[in-house]
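Open the model and keep the sequence beside it. We will walk through a helix end, a helix pair and a sheet.

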Amino acid sequence: MKNDITTDILVCGAGPSGFAAAVSAARLGAGVVLAEKYGFPGGMATAGLVNPFMVSKFEGRDLVKGIFEEIVLALKEKNAAIDGELFGQPHIAFDPEILKMLLIEMLEKASVKMLFHSIACASIMKGDEIKGAVLNTKSGDIRVFAKNVIDATGDGDIAAFSCCEFEKGRESDGLMQPATLNFRVSGVDSSRMPSREEMNELYLIAKKRSLIRSPRENLLWFETTQSGTLAFNSTRIPRIDGTDVFDLTKAEIEGRKQAENLFNFLRSTVPGFENCALSNVACQAGIRESRRIKGKYILTADDVTEGHKFEDAVARCNYPIDIHDPKTGASTVFKKLGPGIFYEIPFRCLIPKKIDKLLVTGRAVSATHEALSSLRIMPTCMALGQAAGVACALAVKKHISPKNLDTLEMLRTLNEQGANLRTGRDE
């Protein structure tokens, strides 16, 4: 094809995980092409308005560092991030517009070739080895040939195109966690706002009167970096398959109806919201769960709750098991890990069983339904992405497959990039 591209590494998807993969690989000297369907990077952190970052800490120390820590520090320097806490869980609220620009600056500095408005639509295969992918663009289809490919689509699209084995949903019925369309409300008089408990009492009264469209059992919102602006994570659309275009269309339509309904409830019922505005609705419904590859290792609920450690660990986390009811969307299982417990995610979870030269990162890694509900948070996905990028860059230098890397060398390189993985294992 006229616009064919050849590179060392192709990263499909510029969300938190794909961004970290591209930057970490490029910093090691690899040529990197980053393909993204939107006109900016950040994925759910920007397009999806998922906010805040749900950080994991162990004895007061961050479990995820590296590129994620760089981003947080840079945002704070720009007065675009603040620390917070809700339900005993620490988090970091951030400005998604400043984040978009920051991520682009970091990609440019690392010499990553960005291709926006580009959607991967097929894999290029030679037997069981991936050779690249086809991108659908305004310029027509573009073939990108690469020595290694990183699937950071969130839905395991490249893995599926390459005939990788994967699972969807919970074991009992295959249902996946509900979708959510996030939105922001500005112009709130916070001095007159009721307590969180009082607001939820009003919400439940309206729900009993069939005035609330969302099946969610309560309102969930977070403070933002802007005074008088709140971020709402309160819509729920159950029984959605994020890999099905018809379901996605249904989720977008229903999500906007729920967002409008909740906004009208807030403005008409809750003190302090009388003059508020629906300032921003995400341009995409957030998908919590879709495909999960069957990798060299499948992370389990026991691994999470018992704090299992691994010799090839590339990420650490202690975020709770957090399952929004897949069937009705009317309840949430939020199970915190025990005191002093954090778990690790092995590199093997990024390696598909049969397909060579492909790594999968983000929420499509090899894990059970329950384990995914914990590891899917954005900082952990960044850690996984950074590991995928480092692994592919090292593999390119050594002319080998990422699956054949020396684990200790990979971990040492990640630590040189600030990941701080060995410390947790020695504690």
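Helices (H or I, at least four residues) and strands (E, at least two) are DSSP runs, numbered from the N terminus. This is a predicted model: local features need pLDDT of at least 70, side-chain atom pairs count only at pLDDT 80 or more, and totals for chains, interfaces and linings use all residues. Residues are numbered from 1 along each chain as its sequence is written, and side-chain values use heavy atoms, leaving out hydrogens and water.

Start with helix H10, residues 407-416. Just after H10, glycine 418 takes a positive phi of about 90°.

Now turn to helix H1 (residues 16-26) and helix H9 (residues 378-398). Two packed helices are described by the angle and the distance between their axes. Axes are lines fitted to C-alpha atoms, for helices over the stretch in contact, and angles run from 0 to 180 degrees between N-to-C directions. The axes of H1 and H9 come within 7 Å and cross at roughly 35°. Contact (heavy atoms within 4.5 Å) involves residues of both helices, including Ala20 and Ala21 of H1 and Gly385 and Gly389 of H9.

Last, find the sheet. Strands pair if DSSP finds at least two bridges between them. Three strands form an open, antiparallel sheet in the order S3-S7-S6. Strands S3 (53-54) and S6 (81-86) stand at the edges with a single partner strand each, so one side of each has no neighbour in the sheet. Six bridges join S6 to S7 (residues 89-94). Alanine 81 stands opposite phenylalanine 94 in S7.

Definitions and conventions. Buried means under 20% relative accessible area, exposed over 50%, partly exposed in between (1.4 Å probe, protein chains only).
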